[in-house]
Amino acid sequence: MKLSFTLTALAVVLALGTSACSRSGAVSADAAATPVVAGSQHGDFGPPQGEPIHAVLTSPPNVPPPIHRDKPAKVIVELEVVEKEMPISEGVTYTFWTFGGTVPGSFIRVRQGDTVELHLKNNPDSKMPHNIDLHGVTGPGGGAASTFTAPGHASQFTFKALNQGLYVYHCATAPVGMHVANGMYGLILVEPPEGMPKVDHEYYVMQGDFYTTGKYREKGHQPFDMEKAIAEQPTYVLFNGHEGALTGDKALAAKTNETVRLFVGNGGPNLVSSFHVIGEIFDTVRPEGGTVEQHNVQTTLVPAGGAAMVEFHTEVPGSYVLVDHSIFRAFNKGALAILKVDGAENKAIYSGKEVDSVYLGDRSEPNLQAVSTAAKAHAAGTLTKDEQIAAGKQLFTGTCSVCHQANGEGLPGVFPPLAKSDYLAADPKRAVQILLHGLNGKVTVNAKDYNSVMPPMSQLNDDEMANILTYVLNSWGNPGGQITKEEVAAARTAPAPAPAAAEH
């Protein structure tokens, strides 16, 4: 034991001596050439070899194929800035500023040590100058200083991808926050020389917060709101630039017993994401896009202007919900996506069935086309009651059915029924006030007492309230009728009714 201690002490002294020699510069050439642990050193592996390569760029949620080269190359990346009006939610449009025509922008994949020649074009129809700051660049402004590009012009600069990792890129033209808030961001992956471990699926998911003058889901074209952006009060928090971009027939897909890697970015401009996949545990996380790995992680923080790589193995089939676990952002601002896993059940792992559609809310529907149709019809002055009912049914699924049930029967003793409701039949118009201001206390419906709290549904717009109530009045044996957007608007501006006993 004494001998072991002595040898250990000697090893420590020798190590300290070596360290001291290193600090004084008295170190051998062989020691100086000793490589740093893979992944931690700069990747200047010499000049590019072979002919230049044009990078394969992909639109979200797709990712370019893995790189199998064993030598550095000159990689040419061509991006075009396009300002375009696109949907941000059903029946809602927004003017996005984009890299490559999508939000987020095109995914870029290169190898550590590559020399990247980046060409940035600004579409002639653009109204603003733009540039690009890539967080994977070592150099002033991440390239921003070299790529200020007016509409109809093109810029170019070259950089060496020295560090492996997953990096955000974004526009950095003043006002920077406005350019980022309008969707000008994306991801660039710098693969390690040995490549990434093989997986069955790779997907590109990027969160952003958006600031519109109108309320959440308020129909029509919505301009950018600078005051909301400065106050950091987003109207929408979204994955891939559009509410429902990764749901329904656009959901991510995998099969059981497969590995999935998500390249997760956060363009911001303001919020930090608490990224979580409901029903999965991340086997491996590379937080902030770096080289350190964590394992068995439930939720990982992705900072604004940052990224993460998460990997997991699918075990049982079902719909797995991707969310920002700052949970109101998911269910009231849009930060929700679906990974649909198909395959055989494995009762030894999980005995239940697919995620309850009520929990998924309106995003369990393939889309909200009926809502969009009703909004367009109202704008054209041709809205029919049938169109309101169809839109209201889809909205009811995600807003009201959790408590009142999909069949309107409610929960005995807790939530009153909406089906064959004598309470609604007595005064259909008061349902508008209930949605606007809530209902608290005892209420008697169909000769049964209920005592619970219904909060104000202030997140709903006037047309959404009108459509939901019209659907309820014309369903489950209720007497019929129609509530208009104008009636809801008038009730909203009127003074709130004085608190009164709710008993019927």
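# Salt bridges, buried helices and a surface patch

The side chains of Glu-78 and Lys-121 meet in a salt bridge, with 3.8 Å from N to O (a salt bridge being a side-chain nitrogen of Lys or Arg within 4 Å of a carboxyl oxygen of Asp or Glu). Glu-78 lies in strand E2 and Lys-121 in strand E5, so this pair ties together parts that are 43 residues apart in sequence. The model is a predicted one, in which local features need pLDDT of at least 70 and side-chain atom pairs count only at pLDDT 80 or more, whereas totals for chains, interfaces and linings use all residues. Residues are numbered from 1 along each chain as its sequence is written, and side-chain values use heavy atoms, with hydrogens and water left out.

**Salt bridges**

- The structure holds 17 salt bridges, and both Glu-78 and Lys-121 are partly exposed, each with a relative accessible area of 39% (buried means under 20% relative accessible area, exposed over 50% and partly exposed in between, with a 1.4 Å probe and protein chains only).
- Asp-114 forms a salt bridge with Arg-69, in which the closest N and O atoms are 2.7 Å apart.
- Because Asp-114 sits in the loop between strands E4 (108–111) and E5 (115–122), and Arg-69 in the loop between strands E1 (53–54) and E2 (74–89), the pair ties together parts that are 45 residues apart in sequence.
- Asp-114 is buried, at a relative accessible area of 0%, while Arg-69 is partly exposed at 23%.
- Arg-109 and Glu-191 meet through their side chains in a salt bridge of 2.6 Å, N to O; Arg-109 lies in strand E4 and Glu-191 in strand E9 (residues 185–191), so the pair ties together parts that are 82 residues apart in sequence.

**Strand E12**

- Strand E12 (residues 236–239) is covered on both faces, with Tyr-236 and Leu-238 buried on one side and Val-237 and Phe-239 buried on the other (strands, of at least two residues in state E, and helices, of at least four in H or I, are DSSP runs numbered from the N terminus).
- E12 pairs with strand E10 (residues 201–210) in the antiparallel sense over four bridges, where pairing requires that DSSP finds at least two bridges between the strands.
- Opposite Tyr-236 in E12 stands Phe-210.

**Helices H11 and H12**

- In helix H11 (residues 430–437), the residues Ala-431, Val-432, Ile-434, Leu-435 and Leu-436 are buried, and their cover includes helices H10 (422–426), H12 (462–473) and H13 (485–493) as well as strands E22 (439–445) and E23 (448–454).
- H11 is followed by Gly-438, which has a positive phi near 85°.
- H12 has twelve residues and reaches 17 Å from its first C-alpha to its last, close to the 16 Å expected at 1.5 Å a residue (the expected span being 1.5 Å times one less than the number of residues).
- Twelve of the twelve residues of H12 are buried, among them the charged Asp-462, Asp-463 and Glu-464.
- These buried residues of H12 pack against helices H7 (369–380), H8 (385–399), H10, H11 and H13, where contact means heavy atoms within 4.5 Å.

**Surface patch**

- Ile-327, Phe-328 and Phe-331 form a nonpolar surface patch with about 290 Å² of accessible area together.
- Ile-327 is found in the loop between strand E20 (318–324) and helix H5 (328–332), and counts as partly exposed at 32% relative accessibility.
- Patches consist of residues with over 30% relative accessible area and no salt bridge, joined within 9 Å for like charges and within 5 Å for nonpolar side chains (Val, Leu, Ile, Met, Phe, Trp, Tyr), and the areas come from the Shrake-Rupley method with a 1.4 Å probe, for which only the protein chains shown count as cover of residues.
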